[in-house]
Amino acid sequence: RTKDLLQKKTSDASATSPIPPDKQKSINAAKQRFTKAHTLVETLQKALKSAQSDYAEELKKTKEAQNDATAPKPMCLDALELQFQGFCLVDTLASSDESY
(Lines give C-alpha, C1' and ligand atoms only; values in the text may rest on other atoms or scores of the structure.)
Protein backbone atom coordinates (compact mmCIF):
# COMPACT_ATOMS: atom_id res chain seq x y z
CA ARG A 1 0.00 0.00 0.00
CA THR A 2 2.83 2.38 0.87
CA LYS A 3 4.51 1.54 -2.40
CA ASP A 4 1.29 2.30 -4.31
CA LEU A 5 0.88 5.62 -2.52
CA LEU A 6 4.49 6.54 -3.25
CA GLN A 7 4.02 5.65 -6.91
CA LYS A 8 0.79 7.64 -7.08
CA LYS A 9 2.43 10.70 -5.52
CA THR A 10 5.36 10.34 -7.88
CA SER A 11 3.10 10.04 -10.94
CA ASP A 12 0.92 12.97 -9.75
CA ALA A 13 3.96 15.12 -9.12
CA SER A 14 5.49 14.25 -12.47
CA ALA A 15 2.25 15.17 -14.24
CA THR A 16 2.18 18.66 -12.71
CA SER A 17 5.89 19.47 -12.55
CA PRO A 18 8.99 17.66 -13.76
CA ILE A 19 11.22 16.11 -11.09
CA PRO A 20 14.84 17.23 -11.12
CA PRO A 21 17.26 14.38 -11.99
CA ASP A 22 19.00 14.40 -8.60
CA LYS A 23 15.69 13.97 -6.78
CA GLN A 24 14.63 11.28 -9.24
CA LYS A 25 17.84 9.37 -8.47
CA SER A 26 17.18 9.55 -4.75
CA ILE A 27 13.57 8.45 -5.30
CA ASN A 28 14.73 5.48 -7.36
CA ALA A 29 17.34 4.58 -4.72
CA ALA A 30 14.65 4.75 -2.02
CA LYS A 31 12.39 2.49 -4.10
CA GLN A 32 15.20 -0.03 -4.52
CA ARG A 33 15.96 -0.01 -0.79
CA PHE A 34 12.26 -0.45 -0.04
CA THR A 35 12.01 -3.40 -2.44
CA LYS A 36 15.09 -5.07 -0.93
CA ALA A 37 13.81 -4.53 2.61
CA HIS A 38 10.38 -5.85 1.68
CA THR A 39 11.91 -8.97 0.13
CA LEU A 40 14.08 -9.51 3.19
CA VAL A 41 11.09 -9.16 5.51
CA GLU A 42 9.15 -11.76 3.51
CA THR A 43 12.13 -14.14 3.58
CA LEU A 44 12.54 -13.72 7.33
CA GLN A 45 8.83 -14.26 7.93
CA LYS A 46 8.99 -17.55 6.01
CA ALA A 47 12.06 -18.61 7.99
CA LEU A 48 10.31 -17.69 11.25
CA LYS A 49 7.22 -19.73 10.36
CA SER A 50 9.42 -22.68 9.44
CA ALA A 51 11.36 -22.44 12.71
CA GLN A 52 8.17 -22.15 14.71
CA SER A 53 6.67 -25.23 13.07
CA ASP A 54 9.92 -27.19 13.60
CA TYR A 55 9.95 -26.15 17.26
CA ALA A 56 6.31 -27.14 17.72
CA GLU A 57 7.02 -30.54 16.16
CA GLU A 58 10.04 -31.15 18.41
CA LEU A 59 8.06 -30.05 21.45
CA LYS A 60 5.30 -32.49 20.51
CA LYS A 61 7.83 -35.32 20.12
CA THR A 62 9.38 -34.47 23.49
CA LYS A 63 6.02 -34.52 25.24
CA GLU A 64 5.14 -37.83 23.61
CA ALA A 65 8.50 -39.30 24.67
CA GLN A 66 7.97 -38.14 28.25
CA ASN A 67 4.60 -39.86 28.35
CA ASP A 68 5.97 -43.07 26.82
CA ALA A 69 7.04 -45.46 29.59
CA THR A 70 9.25 -47.54 27.27
CA ALA A 71 11.22 -44.56 25.95
CA PRO A 72 14.77 -44.25 27.28
CA LYS A 73 15.14 -41.64 30.00
CA PRO A 74 18.20 -39.43 30.33
CA MET A 75 20.56 -40.37 33.17
CA CYS A 76 20.86 -37.99 36.09
CA LEU A 77 24.23 -36.75 37.31
CA ASP A 78 24.34 -39.17 40.26
CA ALA A 79 23.70 -42.17 38.00
CA LEU A 80 26.44 -41.05 35.60
CA GLU A 81 28.89 -40.65 38.47
CA LEU A 82 28.11 -44.16 39.79
CA GLN A 83 28.51 -45.59 36.31
CA PHE A 84 31.88 -43.88 35.89
CA GLN A 85 33.07 -45.17 39.27
CA GLY A 86 31.95 -48.67 38.27
CA PHE A 87 33.94 -48.47 35.03
CA CYS A 88 36.99 -47.29 36.96
CA LEU A 89 36.60 -50.18 39.41
CA VAL A 90 36.29 -52.75 36.60
CA ASP A 91 39.30 -51.21 34.84
CA THR A 92 41.36 -51.42 38.05
CA LEU A 93 40.30 -55.02 38.68
CA ALA A 94 41.02 -56.01 35.07
CA SER A 95 44.45 -54.41 35.09
CA SER A 96 45.36 -56.12 38.41
CA ASP A 97 43.97 -59.57 37.60
CA GLU A 98 44.33 -61.08 34.12
CA SER A 99 41.55 -63.62 34.74
CA TYR A 100 38.96 -61.01 35.73
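Colleague: What makes Lys61 and Glu57 a salt bridge?

Modeller: The closest N and O atoms of Lys61 and Glu57 are 3.6 Å apart. A salt bridge requires a side-chain nitrogen of Lys or Arg within 4 Å of a carboxyl oxygen of Asp or Glu, so the pair Lys61 and Glu57 qualifies. By this rule the count is one salt bridge. This is a predicted model, in which local features need pLDDT of at least 70 and side-chain atom pairs count only at pLDDT 80 or more, while totals for chains, interfaces and linings use all residues. Side-chain values use heavy atoms, without hydrogens and water, and residues are numbered from 1 along each chain as its sequence is written.

Colleague: Where do Lys61 and Glu57 lie in the secondary structure?

Modeller: Both belong to helix H2 (residues 21–67), four residues apart, about one turn of the helix. Helices are DSSP runs of H or I with at least four residues, strands are runs of E with at least two, and both are numbered from the N terminus. The protein chain has three helices and zero strands.

Colleague: Why is Lys61 called partly exposed?

Modeller: Its relative accessible area is 45%. Buried means under 20%, exposed over 50%, and partly exposed in between (1.4 Å probe, protein chains only), so Lys61 is partly exposed. Glu57, at 44%, is therefore also partly exposed.

Colleague: Which class do Cys76 and Cys88 fall into?

Modeller: Cys76, at 46%, is partly exposed, and Cys88, at 33%, is partly exposed as well.

Colleague: How many disulfides are counted?

Modeller: The count is zero, where a disulfide is a pair of cysteine sulfur atoms within 2.5 Å.
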